Amino acid sequence: MTPAPEGEEQEGPVIRDRRRIDPKTGKLREPAEAPAPETPDEGDAGVSDEELSSLKTQLSERLADLQRLKAEYDNYRKRVERDRVAVREQALGQVLSELLPVLDDIGRARDHEELTGGFKSVAESLEAVTGKLGLEKFGEKSEPFDPTVHEALMHSYSADVTETSVADVLQPGYRIGERVLRPARVAVAEPDPNAEAAADESGDDGE
């Protein structure tokens, strides 16, 4: 093949030598520098005030949605917890209500000093277990009468009280938390109106 004369371009495909080692010198060729990436025009990358305002509005709306969703979840979680506690107390109340007559028998035996021997150990164990389950005994002499937790079976007047009070506890009450399983059955004493009248008369006589 005759080489092209000097000064004239040789026609035909251009063959690029991509070998990393130069066959003539045997040395490693330097890699060709990659062209620098084109930087976008700053004018094209800018955001208009209208677009920025729209993005801020959308962000505020999404944030409000998240806050509302969180509040709804918190309320749901609290409601589920309240329901769980209520169901537990209801189930416990049904079981413990069946044991109240047994606890009454234990109390009467203790009052008559008949709680001795093995019966005493069993009774104390039963009272300890029911106490751990949240059963609380209430009703004391001389405490103010409360119709929400007391059931008045007897009524009398007394000069020793200044308000309606519990004169005697006929049967103790029991509750779990705020739930009353059985009100305390009591005898109630009210201030004696005749005693007040007599006191007024004696005061008048003294004058």
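Reader: Hi! Of the contacts between residues at least 6 apart in sequence, what share joins residues at least 24 apart?

Author: Hello! In this predicted model, 61% of those contacts join residues at least 24 apart.

Reader: Thanks! And how many helices and strands does the protein have?

Author: There are five helices and six strands.

Reader: Nice. What percentage of the residues is buried?

Author: Of the 207 residues in the protein, 16% are buried. As for the surface, the protein exposes about 17100 Å², and 51% of that comes from carbon and sulfur atoms.

Reader: Which residues form a nonpolar patch on the surface?

Author: That would be Val47, Leu52 and Leu55, which together have about 270 Å² of accessible area. Leu52 sits in helix α2, which covers residues 49–97.

Reader: Why does Leu52 count as partly exposed?

Author: Because its relative accessibility is 40%, and partly exposed runs between the buried cut-off of under 20% and the exposed cut-off of over 50%.

Reader: Got it! New topic: what volume does the largest pocket have?

Author: Its volume is about 320 Å³. The lining is made of 16 residues, and those nearest the centre of the pocket are Gly107, Arg108, Asp111, Lys137 and Pro172.

Reader: Which elements give two or more residues to that lining?

Author: Helix α3 (100–111) and strands β1 (135–138) and β3 (165–171) do.

Reader: And where does the largest share of the lining come from?

Author: From α3, with six residues.

How values were computed: Residues numbered from 1 in each chain as written. Predicted model: local features only at pLDDT ≥ 70, side-chain atom pairs only at ≥ 80, totals over all residues. Heavy atoms only, no water. Helix = DSSP H or I, 4+ residues; strand = E, 2+ residues; numbered from the N terminus. Buried < 20%, exposed > 50% of the residue type's maximum accessible area, 1.4 Å probe, protein only. Contact = heavy atoms within 4.5 Å. Areas by Shrake-Rupley, 256 points an atom, 1.4 Å probe, with all protein chains shown as cover. Patch = residues over 30% accessible without salt bridge, like charges linked within 9 Å, V, L, I, M, F, W, Y side chains within 5 Å. Salt bridge = Lys/Arg side-chain N within 4 Å of Asp/Glu carboxyl O. 1 Å grid on protein atoms, 1.4 Å probe; cavity = no way out; pocket = protein on both sides within 12 Å on 5 of 7 lines; lining within 4 Å. Points joined across faces, edges and corners; volume = space filled by probe spheres on them.
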